[in-house]
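Have the structure open as you read.

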Amino acid sequence: MNLTKDQRNLIIAVIIGALIFFLLPAGNGLTEQGVRLLAVFIPTIYLWMTVGGSWASWASISAGVLLSAYEGSAAFTGIWGSVFVAVLIPFFMIATVLDESGALEWLVKWMISRKFIHGRPTLFTIMFTLAMILVSIFTVPIVVAVMFFKILGQICRSMGYTREDSFYRAQGMLVAWVSQTCDGCLIWGRAYILSMVTVVVGFGFTNFDTTSYLKIGLIYLALFTVAALLIVKLWIRPDTSKFVNFDDAAIRQELKENPMSKRAKIAFGGMLAVLVMYILASITALGPVASYLSGLSVAGPVMIVCALLCVITADGKPVMNLGEAASKISWPTIAFLGTIMYYAGIFGGEQYGITLFLQNLLAPYVGMIPAGVAVFLALAIASLITNVASNSVAAIVTMASFVPVFLSGSALSQGEILTFAACVIAVCATAFCTYSACATMGVVYCEEGIDYKGTPKYSIVLCAIMVVLC
């Protein structure tokens, strides 16, 4: 009988779980319940790396219930009852309307057609990159990559560049680098960041939240953007001889003749309203206003706006059709996020002893090297893993292996350990060196994007630079 890829990987995962369940002894801090949890969680990581996070996530939680690693009703409530799941569903729906209405594409073309760009290819590259960061605030990396390759193709053809030319490839590499890395730096509606912040909180940093992470994320993104632009300018050095053919005036005329639609403006305004409410909630100086908005939780603003977009009409139709928008949600992502969030919340529990077990196991080795060297090695390992496996898996493995050890008595302060954990989140989103680094690379290294050949050396150096800067 010929087995499918999913069937083979499921069999391997079951064997891994059985070996852990029967052969890993409790002790050295690890409890019997901790053994049962590891017998489920480690095979789950394998499945996430090989088959993705859809059915594997549900199978994982169900297996944990069957093995009594955790209580059944609490587990399933933890998956679907998470406030972050309630955030992502309406966020994805609004992002879909923004994309379909043409609002984001109109905004990008407006930014790259300013008069001061005329005849200045370096300024074009900078504005092209800044437009990517701005659009990334409102939607997910795959949408950003698809949109920017579409616009890049149009512009390059108008100038006489082909897909094989260095100018197209250089801008295309920026699409790969920036669109993906923004997913680990900009906090709004980010499944990856929301879940990884929960992992950090599970290590005892109870005051850490997405707003706190944004402080690190924005610094990281700023440094990353500068490094990426310098690699393009000083190392790749694309041929810009045909840039004299860039007709920015024609794009401005196109935008004037085809202004942003009423539906697009309303959807764009709705997403801006959500972001403004989030920002105001984080400004403690506003007193009762900030307290009220914080009390809505992160789900409140986006759900309110989503509901309003279903009622407000443009050209006689609702801005958002709830059924259509819901049908385009990435439900595998939602299932994966819910599972990650649940494991993040229980992984460090005393009833499992996993954190203590890792401390006892790794502390002697980490303690033999200076703390700074240990941090560097941990970040380098995170960068390596994330470029061959899931970003979330890489972050969980790295933090679970090193944070407990650092907390158990290293020379690092609590603030330095927390900063390290935040940097792990950012580094693990910097994933673009291989085809399998993340889902976004599937739309980057393809016929509609750029050829993979010749790109790894630039991507690897950029990742190395970010590890050093962290």
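## Rings, charges and a helix

Tyr 435 is exposed, because its relative accessible area is 52%, and the cut-off for exposed is over 50%. Keep in mind that this is a predicted model.

What kind of aromatic pair do Tyr 435 and Tyr 452 form? The pair is tilted, with 4.5 Å from centre to centre and 35 degrees between the planes. Tyr 435 sits in the loop between H21 and helix H22 (441-444), while Tyr 452 sits in the loop between H22 and H23, so the pair ties together parts that are 17 residues apart in sequence. The count of aromatic pairs comes to 25. Ring pairs also link Phe 124, Phe 128, Phe 148, Tyr 161, Phe 167, Phe 243 and Phe 246 into a cluster.

Side chains of opposite charge can pair when their charged atoms come close. How many salt bridges does a search of the whole structure find? The search finds 7, and the table shows some of them.

| Salt bridge | Closest N and O atoms |
|---|---|
| Glu 105 and Lys 109 | 3.3 Å |
| Lys 150 and Glu 105 | 3.2 Å |
| Arg 190 and Asp 183 | 2.9 Å |

Arg 190 and Asp 183 are both buried. Salt bridges that share partners join Glu 105, Lys 109, Lys 150 and Glu 254 into one network.

Let's look at that network piece by piece. Glu 105 and Lys 109 both belong to helix H6 (residues 103-111), where they are 4 residues apart, about one turn of the helix. An α-helix has 3.6 residues a turn, so residues three or four places apart point the same way. Glu 105 is buried, and Lys 109 is buried as well. Lys 150 lies in helix H8 (residues 141-159) and Glu 105 in helix H6, so this pair ties together parts that are 45 residues apart in sequence. Lys 150 counts as partly exposed, because its relative accessibility is 45%.

At 1.5 Å a residue, the 16 residues of helix H19 (residues 371-386) should span 22 Å, and the end C-alpha atoms are 23 Å apart, which agrees. Which residues of H19 are buried? They are Ala 371, Ala 374, Val 375, Ala 378, Leu 379, Ala 382, Ser 383 and Thr 386. Their cover includes helix H18 (354-366), helix H20 (391-407), helix H21 (414-429) and helix H23 (456-469).

Key: Residues are numbered from 1 along each chain as its sequence is written. This is a predicted model: local features need pLDDT of at least 70, side-chain atom pairs count only at pLDDT 80 or more; totals for chains, interfaces and linings use all residues. Side-chain values use heavy atoms; hydrogens and water are left out. Helices (H or I, at least four residues) and strands (E, at least two) are DSSP runs, numbered from the N terminus. The expected span of a helix is 1.5 Å times one less than its number of residues. Buried means under 20% relative accessible area, exposed over 50%, partly exposed in between (1.4 Å probe, protein chains only). Contact means heavy atoms within 4.5 Å. A salt bridge is a side-chain nitrogen of Lys or Arg within 4 Å of a carboxyl oxygen of Asp or Glu. Rings of Phe, Tyr and Trp (its six-membered ring) pair if their centres lie within 6.5 Å; planes under 30 degrees apart count as stacked, over 60 as edge-to-face and the rest as tilted.
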